[in-house]
Amino acid sequence: MFSTKALNKSTQRLFSTTNPTNFKVTVLGAGGGIGQPLSLLMKLNHKVTDLRLYDLRGAKGVATDLSHIPTNSTVQGFTPEESDGLKNALDNTDVVLIPAGVPRKPGMTRDDLFSINAGIVRDLAKAAAQYCPNAAICVISNPVNSTVPIVAEVFKKSGVYNPKKLFGVTTLDSIRASRFISEVEGTNPTQEKVTVVGGHSGVTILPLISQTKHSMMPKETREKLIHRIQFGGDEVVQAKNGAGSATLSMAQAGALFAGKILQGLDGEADVITPSFVDSPLFKNEGIEFFSSPITLGPEGAEKIHSLGNLSSEEEEMLATCKETLVKNIAKGKKFIDDSKL
Ligand SMILES: NC(=O)C1=CN([C@@H]2O[C@H](COP(=O)(O)OP(=O)(O)OC[C@H]3O[C@@H](n4cnc5c(N)ncnc54)[C@H](O)[C@@H]3O)[C@@H](O)[C@H]2O)C=CC1
Ligand SMILES: O=C([O-])CC(=O)C(=O)O
């Protein structure tokens, strides 16, 4: 027998069109280093019932492979060769995860990826604006500080921009911060939480150590820790020695973030995580996008939280972060202006 509460909930699920519990998720770039493990982790998420994978190559194989896992979702792979491949991957989906694009090699900055990835993200965003204008779009492709503004401009030009539904995925900075601070302090990383704000590259990554329980750590230790969090991506790029950048930790980060988005869409309470979004925090200084903790809900980003109290050292880092961010954002916007969509 159902309890009244359970019956109400199942009835809601049956008849609700705006807040379904069964979600469609699309991964664009699903055949790649991030795309494959991210797709696996989305196959394991019980809120996902329809998983669609798209890539220039490999998506069908990955989809067939994942489709043998006995979780409650169907998996389909799509390619550009089949007519309507991208359309069918995106049609009416709830969440789009975008790890499509090239990764760094040693010696490159994320901004060096702009020349290739800007066009890839622009074209995928055009398709998303057409086929799933209401979906939550989660951008992983670098440089995130510029690719997120690119998606925003494409959606604006298509007349379907909803700032509450566009997210730059910065979760890897948060999970690195938890891991690295635990190594310094000799603590359990699963119990460490560091709020990381700003953007997703070098000095724009701003971990707020003063807001952790380790705020009193020695200055030199803190500076080394902050530097490691800001440049953690380089460690992986160097170790992979030309074979790409972080993929497995990024897949874990992407799945965590997508999980939060789904929890929010599903109406769960108090779902809060940082993301690089269209933000009011520093708009009066010309910075249209910024990462800070966001409350997620059925409509996407419901509340953008302020940064809270910063130390004087963090205030200085924030000023440096803003100087770079404003240029990265302008570069993305100019790219779309020049693209004459
Ligand atoms: N936001 C973050 O924290 C992180 C972002 N990244 C970024 O994620 C991106 C992907 O990295 P990896 O998976 O390692 O690269 P990868 O090269 O292994 O995979 C990229 C995939 O994208 C596909 N692709 C390229 N153009 C496409 C298009 N137009 N449509 C569909 N698929 C397309 C490729 O065929 C490839 O399978 C890079 O830009 C990287 O810098 C990487 C790590 C962390
Ligand atoms: O470092 C890179 O190029 C990939 C990335 O964004 C990260 O690992 O944080």
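Biologist: Which residues of α6 meet α11?

Modeller: This is a predicted model, where local features need pLDDT of at least 70 and side-chain atom pairs 80 or more, while totals for chains, interfaces and linings use all residues. Residues are numbered from 1 along each chain as written, with chains lettered from A and ligands numbered from 1 in written order. Helices are DSSP runs of H or I, at least four residues, numbered from the N terminus, and contact puts backbone-placed C-beta atoms within 7 Å. Facing α11 residues including L325 and F335, the α6 residues are N145, S146, T147, P149, I150, E153 and V154.

Biologist: How many residues of that contact are nonpolar?

Modeller: Ala, Val, Leu, Ile, Met, Phe, Trp, Tyr, Cys and Pro count as nonpolar, Asp, Glu, Lys and Arg as charged, and the others, Gly among them, as polar. Five contact residues are polar and three charged, and the nonpolar ones number seven.

Biologist: At what angle do α6 and α11 pack?

Modeller: Axes are lines fitted to C-alpha atoms over the stretch in contact, and angles run from 0 to 180 degrees between N-to-C directions. For α6 (residues 144-157) and α11 (residues 312-339), the axes lie 8 Å apart and the angle is about 40°.

Biologist: Which residues come nearest to ligand 1?

Modeller: Near means a backbone-placed C-beta atom within 6 Å. Of the 33 residues around ligand 1, the nearest are G29, G32, G33, I34 and N142.

Technical notes: Helices (H or I, at least four residues) and strands (E, at least two) are DSSP runs, numbered from the N terminus. Two residues are in contact if their C-beta atoms, placed from the backbone, lie within 7 Å.
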